[in-house]
Amino acid sequence: MTRLKVNGVEEEVAVATVADLLVERGIDPAVRFLAVAINGAVVRRADWPATRLAAGDAIEIVRPLQGG
């Protein structure tokens, strides 16, 4: 288990990569209009399967919401 801060909430997760984290949270990594940042740096979508997560990382998962 790794302790991460995901969208401002600290939690323990059993994932190794950005892609694994998305799947574990029920988010399809192939969905359009999705961005991920680790410690303030945006991670390119093509790098999600290989980008490893480390204890203490701050992850931001951003999806636009529809509305007016």
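Ile59 touches Leu4, Lys5, Val6, Asn7, Leu21, Val36, Ala37, Ile38 and Leu53, when residues up to four places away in sequence are left aside. In this predicted model, Ile59 belongs to strand 5, which covers residues 58-62. The residue counts as buried because its relative accessible area is 0%, under the 20% limit that defines the class. One of its partners, Leu21, shows how the fold brings separated parts of the chain into contact: Ile59 and Leu21 stand 38 residues apart in sequence, while their C-alpha atoms are 9.7 Å apart in space.

Around this residue, the protein is built from one helix and five strands, and, read from the N terminus, these elements follow the order β-β-α-β-β-β.

As to overall dimensions, the C-alpha trace spans about 40 × 25 × 20 Å along its principal axes. The radius of gyration of 12 Å agrees with a compact globule, because a chain of 68 residues packed in that way would have a value near 11 Å.

Ile59 is buried, and 32% of the 68 residues of the protein likewise count as buried.

Note on methods. Residues are numbered from 1 along each chain as its sequence is written. This is a predicted model: local features need pLDDT of at least 70, side-chain atom pairs count only at pLDDT 80 or more; totals for chains, interfaces and linings use all residues. Side-chain values use heavy atoms; hydrogens and water are left out. Helices (H or I, at least four residues) and strands (E, at least two) are DSSP runs, numbered from the N terminus. The radius of gyration is taken over C-alpha atoms; the globule rule is 2.2 Å times the number of residues to the power 0.38. Buried means under 20% relative accessible area, exposed over 50%, partly exposed in between (1.4 Å probe, protein chains only). Contact means heavy atoms within 4.5 Å.
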